[in-house]
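Dear colleague,

Please find below the structure that I am handing over to you. My notes on what was found in it follow directly after.

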Amino acid sequence: MTHSTQVSLESGFRDAMAHMCSPVTVVTAMAGERPHGTTVSAVMSLSMQPCLITVALAKSSDCLGHIIRTNRFGINVLASGQDEVALRLAGKGSAKFDGLAWRESAGVPRLDGAAVWVACEAPEFVDGGDHTIIVGRVCEVETSTDAAPLTYHRRRFGTHVPSEIA
């Protein structure tokens with residue numbers, strides 16, 4: 001495969017993945033006494049018995065380093081209207097949580113207002129190309145029945161609108 005074909009394949013793959021609708025999720029961990037987190041789209045339910053979930057983080061992610069050190073992480077599925085939280089936590093820097101409403105739950109940062117909260121222990125890390133796949137053993141979970149999830153599709157935020165099936 002030539003370099004130009006590879007670039008075309010990567011570009012096409014990136015566009016195809018942007019076409020997939022996904023919940024906007026913030027993965028969190030403690031960095032000493034400070035909260036840390038990053039916005040991700042690669043989260044997946046893995047098993048019901050035991051309750052396992054996976055998340056994929058770039059190997060260059062600061063958050064990944066904190067999770068490896070603590071073996072704990074949180075998954076916050078943001079609610080519709082939390083677009084600015086998603087954008088802020090998608091960036092770099094140690095001050096991303098400054099001014100955000102959060103609390104510690106199960107030893108990891110939990111964002112206020114999230115539609116879904118899942119706290120996990122991280123017993124396993126798997127190589128996944130330029131990402132690391134973290135297998136999380138669920139130790140705490142809560143779903144807000146009032147909050148619609150924030151979604152991401154074609155590089156834009158939105159939310160799920162149920163179809164009217166008769």
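Please bear in mind that the model is predicted.

Overall form

The protein chain contains three helices and 12 strands. Its C-alpha trace spans about 50 × 50 × 35 Å along the principal axes. A compact globule of 166 residues would have a radius of gyration near 15 Å, and the 16 Å of the protein chain agrees with this. Of the 166 residues, 35% are buried. Among the contacts with a separation of 6 or more, 64% are between residues 24 or more positions apart.

Helix 2 and its surroundings

Which residues of helix 2 are buried? They are Cys-63, Leu-64, His-66 and Ile-67. Seen down the helix axis, these buried residues fall within an arc of 160°, so they line one face of helix 2.

His-66 deserves a separate word. This residue belongs to helix 2, which comprises residues 62-70. Its relative accessible area is 14%, and His-66 therefore counts as buried, the limit being under 20%. Leaving aside residues up to four places away in sequence, His-66 touches Ala-29, Met-30, Ala-31 and His-36.

Both ends of helix 2 may also be examined. Just after the helix comes Asn-71, with a positive phi of about 55°.

The aromatic pair

The structure holds one aromatic pair. The ring centres of Phe-97 and Trp-102 are 6.1 Å apart and their planes stand at 85°, so the pair is edge-to-face. Are these two residues buried or partly exposed? Phe-97 is buried, at 5% relative accessibility, whereas Trp-102 is partly exposed, at 28%.

Backbone details

Most residues other than glycine have a negative phi, and most peptide bonds are trans. The following places are to be read against that background.

- Asn-71 is not a glycine, yet its phi is positive. Asn-71 sits in the loop between helix 2 and strand 6 and is partly exposed, with 36% relative accessibility.
- Ala-106 likewise has a positive phi, of about 55°, although it is not a glycine. The loop between strand 7 (102-105) and strand 8 (108-111) holds Ala-106, which is partly exposed at 27% relative accessibility.
- Gln-49 and Pro-50 are joined by a cis peptide bond, with omega at about 0°. Pro-50 lies in the loop between strand 4 (43-48) and strand 5.

With kind regards

How values were computed:
Residues are numbered from 1 along each chain as its sequence is written. This is a predicted model: local features need pLDDT of at least 70, side-chain atom pairs count only at pLDDT 80 or more; totals for chains, interfaces and linings use all residues. Side-chain values use heavy atoms; hydrogens and water are left out. Helices (H or I, at least four residues) and strands (E, at least two) are DSSP runs, numbered from the N terminus. Buried means under 20% relative accessible area, exposed over 50%, partly exposed in between (1.4 Å probe, protein chains only). Contact means heavy atoms within 4.5 Å. Rings of Phe, Tyr and Trp (its six-membered ring) pair if their centres lie within 6.5 Å; planes under 30 degrees apart count as stacked, over 60 as edge-to-face and the rest as tilted. The arc is that of the directions from the helix axis to the C-beta atoms. The radius of gyration is taken over C-alpha atoms; the globule rule is 2.2 Å times the number of residues to the power 0.38.
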